[in-house]
Amino acid sequence: MCDFEKGKVRFLRGGKYPQSNSVLIDDDTRAIIDPACNKEKLLSIHRERPIEVVINSHGHEDHILYNSLFPDTQLWVHKLEAAVFKNMDLFIHQFFPADEMDPKTMAVWAQLLTDVVKFQPKEPDRLLEDEEILDFGQTRVQVLHTPGHTAGHLSFHFLDESAIFLADLDLVKFGPYYGDNASSIDDTIHSLQRLAKIDAEVYLVSHGKEGILDGDPAHIQRYIDVIYQREEKLLTFLASGPKTLQEITAHGIIYGGHRLASGAWDLSMSETSMMRKHLERLERIGSVKKENGTYAHSG
């Protein structure tokens with residue numbers, strides 16, 4: 001049933017969005033990190049011996065997809081994620097500024113969360129802290145606060161198994177996502193650099209064809225480099241003359257100019273959000289200047 005097993009740690013691959021990979025800790029205390037891999041597989045595991053703890057790496061729909069299967073378990077998350085688990089409107093509004101969330105977009109998200117995710121507001125039972133050690137019996141897990149993708153994003157270092165679950169810092173060739181209101185490019189870079197310094201034999205991630213990589217920091221550096229490559233493309237585009245954010249979005253540096261929606265996601269909104277963050281970052285370091293609503297290369 002599992003795709004990777006070491007000690008009491010089991011890695012369970014999911015399918016395409018809105019699924020993601022899960023990690024089962026099959027120990028004295030039985031826990032699942034991000035129950036979003038496969039409904040039947042998770043139900044089978046739960047029937048075999050009940051899951052006692054659900055841990056969410058962060059509050060995105062493809063990581064809480066099957067939380068509803070475990071209504072009586074404890075829920076553990078980082079404190080900066082807690083609010084979105086308690087309120088559907090807050091969950092939806094984490095993605096884009098309120099003035100960009102039109103009623104149609106809100107309705108699409110509400111339908112996804114209601115019909116697919118079966119979202120039920122829940123007060124987390126435990127707020128996890130950076131570097132605390134979770135003891136499940138024979139398995140010791142160090143919690144790593146790795147913000148950037150979201151403010152309260154967590155990774156998990158399985159100390160005796162020499163494995164790290166990086167969750168949505170997923171090392172896919174496409175590169176990182178940092179489009180939420182509270183996402184941060186700088187935090188993403190810092191979190192990845194921190195993870196790269198930890199010795200591990202295996203990286204486990206939430207997405208991608210394999211989901212299992214050898215613990216080579218070069219994988220992390222390639223992922224970071226995508227951020228810089230995006231900025232190089234942005235600066236090259238701005239070198240041809242000042243551009244509005246709308247023109248930059250249409251240029252499609254990240255998604256190729258597609259407006260195609262992926263589930264509830266409108267990729268043009270994600271492109272706008274991430275390009276805005278790149279522009280703000282480049283302004284801070286003096287590579288871009290903003291005048292009269294347009295952005296120009298200041299080099």
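User: Hi! Leaving aside its neighbours within four places in sequence, which residues is Pro242 in contact with?
Analyst: Those are Glu247, Thr294, Tyr295 and Ala296, where contact means heavy atoms within 4.5 Å. Keep in mind that this is a predicted model, with local features needing pLDDT of at least 70, side-chain atom pairs counting only at pLDDT 80 or more, and totals for chains, interfaces and linings using all residues. Residues are numbered from 1 along each chain as its sequence is written, and side-chain values use heavy atoms, leaving out hydrogens and water.

User: Thanks. Is Pro242 buried or exposed?
Analyst: Pro242 counts as exposed because its relative accessibility is 54%. Buried means under 20% relative accessible area, exposed over 50%, and partly exposed in between, with a 1.4 Å probe and protein chains only.

User: And where is Pro242 placed?
Analyst: You'll find Pro242 in the loop between helix 6 (217–238) and helix 7 (245–251). Helices (H or I, at least four residues) and strands (E, at least two) are DSSP runs, numbered from the N terminus.

User: Switching topic: in what order do the seven strands of the open sheet come?
Analyst: The order is 1-2-3-4-5-6-7, with mixed pairing; two strands pair if DSSP finds at least two bridges between them.

User: Which strands stand at the edges?
Analyst: Strand 1 (4–6) and strand 7 (126–128) do; each has a single partner strand, so one side of each is left without a neighbour in the sheet.

User: How many bridges join strand 6 to strand 7?
Analyst: Three, and the two strands run parallel, with strand 6 covering residues 74–78.
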